[in-house]
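Here is a short report to read with the model open beside you. Please follow each section on the structure as you go.

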Amino acid sequence: MQSILDVRELEVAYKTQDGVVCALNDVDLVLHEGETLGLVGETGAGKTTLAKGIMRLIPSPPGIVKKGEILYRGKNLLQLGDDEMREIRGREISMIFQDPMTSLNPVMTVGEQIAEAVLAHGELPKQEVIQKTKQMLELVGIPPERSDEYPHQFSGGMKQRVIIAIALTCNPKILIADEPTTALDVTIQAQVLELMRELRKRLNTSMLLITHDLGVVAQNCDYVAIIYAGEIVEYGTVMEIFKDMRHPYTIGLFTSLPSLNKAVRRLIPIEGLMPDPMYLPKGCKFSERCKHAMDICREEHPKMSRVGGEHKVRCFLHQGQVPSEAENGR
């Protein structure tokens, strides 16, 4: 299957007065054409930094891309000039930011904000811009006559629909959705995700869906990447990850969630906290919280190894072999 986005050995750090924050550490990621990849991890794992890195929106200073490549259809985005990147940003790769409440300009009508996205990538006659604006509102299920209203006149779910309309205005090939439903209640979450699913199929858009909700991943994604302390620890298809999770961190994420199929008195949380990104452990980043940690885990850094199909895991328990369920700790 052809890849549309290929992130290779990406390393991003933030230089602060207190020290260097290692936000991303040798991240490798592939997004296939027309597919949705779910990026899952705790708060502070580096999910948003990765999204902003792809969009070339890392604030500098303090952020710096230390090494790596971000290949969009074979073209390294990190080597493009600012003008070239502005042409790609919005037209080819678009992003839905985390909080709809703060992503919209409160003193501009929603129509003006959609029009701004249209005009950013080419001059059009005024009538065409108005028509395109109303078309985009209709596409996301908002009556076009509401284009003259301001963000405060819309509910949270409606604001998120406006954000989606802005992101899809130029029919991008890749859509990055950074926790698009975090600020919404459960019913509105379902509506927004259903809308995104429909639009993605209709426009044949590839999507990177950033979330910490495994249920959202199961319903919307084709592939899953689990990120921990700035690095990918497990990657595979949704079926591979959900049916045969291998990394102790991935297993911990699943066992800390309630299940409809099992009657349990108490959920099992992952003990401890994610390491400080300024003082990462020498070996495996998860070793301090892992009940299967060995001496080698604390001294050496594990590499990604294939455990079957497209399933890869970064763990010494599974290097060079396909372990049994007993070795999985299940």
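## Strand β6

Both faces of strand β6 are covered. I93 and M95 lie on one side, S94 and I96 on the other, and all are buried. Buried means under 20% relative accessible area, exposed means over 50%, and partly exposed is in between (1.4 Å probe, protein chains only). Helices (H or I, at least four residues) and strands (E, at least two) are DSSP runs, numbered from the N terminus.

This is a predicted model: local features need pLDDT of at least 70, side-chain atom pairs count only at pLDDT 80 or more, and totals for chains, interfaces and linings use all residues. Residues are numbered from 1 along each chain as its sequence is written, and side-chain values use heavy atoms, with hydrogens and water left out.

β6 pairs with β7 in the parallel sense, over four bridges. Two strands pair if DSSP finds at least two bridges between them. In this pairing, I93 stands opposite I174 in β7. Strand β7 covers residues 174–178 and also pairs with β8, again in the parallel sense, over five bridges. Here A177 has L209 of β8 as its bridge partner. Strand β3 (residues 36–40) runs parallel to β8 too, joined by five bridges. L37 has L208 of β8 as its bridge partner.

Between β7 and β8 comes helix α7 (residues 186–203), and the three make a right-handed β-α-β unit. Right-handed means that, with the strands pointing away from the viewer, the path from the first strand over the helix to the second runs clockwise.

## Inside β8

How many of the six residues of β8 are buried? Six of the six are, so this strand (residues 206–211) is largely enclosed by the rest of the structure. S206, L208 and I210 point one way. M207, L209 and T211 point the other way.

## The second largest pocket

This pocket has a volume of about 510 Å³. It is lined by 20 residues, and the closest to its centre are S94, M95, F97, A117 and I166.

By class, the lining has twelve nonpolar, six polar and two charged residues. Ala, Val, Leu, Ile, Met, Phe, Trp, Tyr, Cys and Pro count as nonpolar, Asp, Glu, Lys and Arg as charged, and the others, Gly among them, as polar. On a 1 Å grid over the protein atoms alone, a pocket is an open set of points with protein on both sides within 12 Å along at least five of seven lines; lining residues have an atom within 4 Å of a point. Points are joined across faces, edges and corners, and the volume is the space filled by probe spheres set on them.

## Cysteines without bonds

The whole structure has zero disulfides. A disulfide is a pair of cysteine sulfur atoms within 2.5 Å. C290 is buried at 16% relative accessible area, and C297 is buried at 9%.

The S60 to P61 peptide bond is cis, with omega near -10 degrees. P61 and P62 are also joined by a cis bond, with omega about 5 degrees. P61 sits in the loop between α1 (47–54) and β4 (63–72).

E9 is not a glycine, yet its phi is positive, about 50 degrees. It belongs to strand β1 (residues 3–15).

Definitions and conventions:
1 Å grid on protein atoms, 1.4 Å probe; cavity = no way out; pocket = protein on both sides within 12 Å on 5 of 7 lines; lining within 4 Å.
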